Amino acid sequence: MAEIEKVEGYRAGQTFPPSPEFTAQANVRDPHIYDEAAANPEAWWAKRAGELRWTQPWTKICEWNPPHAKWFLGGRLNVADNCLDRHLAGPRRNKAAIIFEGEPGDTRVLTYWDLHREVCKFANVLLSQGVRKGDRVTIYLPMIPEAAIAMLACARIGAVHTVVFGGFSADSLRERIGDSQSKLLITADGGWRRGNVVRLKDAADAAIEGETTIEKVIVYNRMEDPRHVHMEPGRDLWWHRLMEEAGASSEAEPMDSEDPLYILYTSGSTGKPKGILHTTGGYLTGVTATTKDIFDIKEEDVYWCTADVGWVTGHSYVVYGPLANGATVFMYEGAPDWPQRDRFWALIEKYGITILYTAPTAIRAFMKWGTDWPAKHDMSTLRVLGSVGEPINPEAWLWYHRHIGGERCPIVDTWWQTETGAIMITPLPGLSTTKPASASRPFPGIAAEVVDEQGSPLPQGTDQTGILVITRPWPSMLRTLWGDDERYRKVYWSKFEAQGYYFPGDGARRDEDGDYWLLGRVDDIMLVAGHNISTMEVESALVDHPSVAEAAVIGRVHEIKGQAIAAFVTLKEGVTHTSELAGELKSHVAKKIGAISRPDDILFTAELPKTRSGKIMRRLLRDIAEGRALGDTTTLADPSVVASLKEKYSEEG
Ligand code: ATP
Ligand code: MG
């Protein structure tokens with residue numbers, strides 16, 4: 001197991017129970033919750049669904065026709081009603097729903113009353129532009145409150161939103177509009193990123209040039225004088241003009257539990273993005289329950305999930321989950337290193353943030369920048385920390401625990417996917433004794449297993465790398481891939497068709513205590529001289545070295561061993577790369593996890609290829625190492641990184 005060792009101040013194999021004070025106040029403190037849910041998962045989920053407002057009760061909890069599930073059949077509810085209207089009758093009416101800070105420092109606060117009003121008005125705008133229930137609407141906005149307003153307005157009238165991350169190019173936007181056959185596009189003239197203007201409107205214009213399904217474009221004016229923005233007559237309309245004319249009264253459409261809520265394309269770490277379809281009742285049940293239990297949300301919290309709304313984390317844990325719980329959500333538009341590398345810590349101090357949910361890629365960048373930046377700020381308001389997106393290396397976990405959480409905050413390492421809709425494997429902060437880099441256990445009501453290639457369960461505590469599967473349907477699961485049910489069956493259900501298991505594509509192990517350790521993508525797991533080696537474990541051993549900031553490991557074809565281990569390494573600031581250091585790193589890995597895992601090649605690089613959501617794209621590194629043409633690169637954040645790596649590899653490799 002990738003257990004901690006020798007990190008200064010920590011014992012090998014040290015575990016981290018919650019403090020008695022934390023547990024005493026936690027939303028979940030009775031461990032029987034696991035048994036209750038396991039004894040009757042359907043009844044358990046029905047209980048959680050019952051925490052929402054339904055305009056018509058369901059008649060059946062779950063219908064499972066593998067691989068298609070339906071939840072809360074016959075029930076009716078509206079997501080926007082649950083996230084907004086439901087809170088207006090009581091003391092939440094004047095509570096901050098969204099506290100926003102833009103990159104240049106502009107701030108806005110929307111109370112639940114304000115957010116409700118804006119959403120109702122924008123729902124009327126959508127109707128006035130001919131959008132009807134079931135129509136698709138593409139949202140291509142910066143990280144501003146209008147992104148949430150647009151999503152909730154779609155949900156209010158039953159339109160299906162498809163949010164495209166504002167950092168995506170015109171081509172990526174065109175592809176997603178085409179696939180979802182959207183009728184309306186919502187964008188802005190621009191957004192801020194590291195002091196630069198990202199011209200969304202220009203990209204939007206290019207994306208719909210020529211043949212397109214888009215009939216109207218609504219443009220939010222965030223940047224300059226609107227008179228300087230090109231507006232296509234008859235097609236482009238200003239958000240603020242439409243809102244001036246829109247009425248404020250709006251009935252939330254009572255949606256069937258199984259009506260679509262949104263389509264969202266996956267990050268594209270492993271190939272061409274997939275259009276994940278989520279529906280209404282089950283999805284909202286999943287995100288509401290997990291937000292409440294995993295982040296321990298309380299009325300007075302100021303909750304910050306740093307994900308962009310363009311990713312599923314932004315859907316489930318910036319917008320729907322927290323707002324359904326009546327929480328105060330903090331939203332920030334810009335980069336963590338603008339104007340300085342302490343922007344996040346300054347924001348935490350300024351707003352008294354209590355819950356922080358971010359990604360390992362960000363934590364590794366913070367580590368690289370050093371501890372002086374967080375040390376400058378009072379972050380004593382923080383009480384829960386979360387991580388999502390990739391396996392977190394033990395070293396990064398401990399750094400987060402010590403330098404951000406002040407050794408006082410439980411860390412929830414949450415494993416889930418765009419497909420799962422909600423968090424699946426996670427600690428519960430008041431109950432779980434955590435281990436750095438283990439995601440703990442399946443959330444109550446989720447049935448997981450670690451199996452071998454044949455689908456037989458692997459014993460707990462084995463050294464063998466297994467495959468994670470989900471053995472029972474769950475409310476927030478994807479229903480299909482938009483317009484491609486064949487691919488849905490093939491990608492997720494064909495591998496263990498006989499058993500009817502959902503195949504997420506991730507490798508895992510379970511230790512003696514039953515805790516899960518996620519080991520990276522099954523496709524990435526290496527086979528070296530007959531041994532399965534997880535890329536994640538070699539990467540963590542490298543990151544454990546004091547000179548290393550980040551590492552990406554791949555298996556490249558090797559005549560004798562089957563695969564050889566190639567490591568791409570970025571160093572901490574101020575460290576120079578030498579061949580001695582490369583040798584030292586190889587020995588370090590061999591010492592930590594065994595000689596068989598010793599990297600064959602170490603290539604130093606200033607950057608690693610990542611998706612726009614910050615995940616390492618190992619498949620491109622494999623393409624480089626094996627001298628192949630690169631696969632789908634549309635989700636790559638910075639194409640120059642692979643170009644220079646390719647060159648470097650052919651010189652040194
Ligand atoms: P694509 O499916 O298009 O290749 P993607 O899998 O990166 O893209 P997402 O749905 O954004 O798209 O990411 C889900 C994946 O992220 C998981 O399958 C897993 O590999 C990884 N992941 C997320 N959270 C964790 C975590 N806490 N620990 C380990 N891995 C995680
Ligand atoms: Mg995936």
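1. Which residues does Y320 touch, not counting residues up to four places away in sequence? With contact taken as heavy atoms within 4.5 Å, Y320 touches V79, C83, M151, L152, A155, H161, L261, Y262, Y283, L284, V287 and H315.

2. This is a predicted model, in which local features need pLDDT of at least 70 and side-chain atom pairs count only at pLDDT 80 or more, while totals for chains, interfaces and linings use all residues. Residues are numbered from 1 along each chain as its sequence is written, and side-chain values use heavy atoms, with hydrogens and water left out.

3. Y320 is also among the residues with the most contacts inside the largest nonpolar core, which has 137 residues, the others being L115, F122, L152 and I186. Such a core is a set of buried Ala, Val, Leu, Ile, Met, Phe, Trp, Tyr and Cys residues joined through side-chain atoms within 4.5 Å, where buried means under 20% relative accessible area, exposed over 50% and partly exposed in between (1.4 Å probe, protein chains only). Helix α6 gives the largest share of this core, ten residues; helices are DSSP runs of H or I with at least four residues, numbered from the N terminus.

4. In the contact between α4 and α6, V79, A80, D81, C83, L84 and D85 of α4 meet L152, A155 and R156 of α6.

5. H116 lies in helix α5, residues 112–128, and counts as buried because its relative accessible area is 15%. Leaving aside neighbours within four places in sequence, H116 is in contact with L84, D85, L88 and R156.

Conventions. Chains are lettered from A and ligands numbered from 1 in the order in which they are written. Helices (H or I, at least four residues) and strands (E, at least two) are DSSP runs, numbered from the N terminus.
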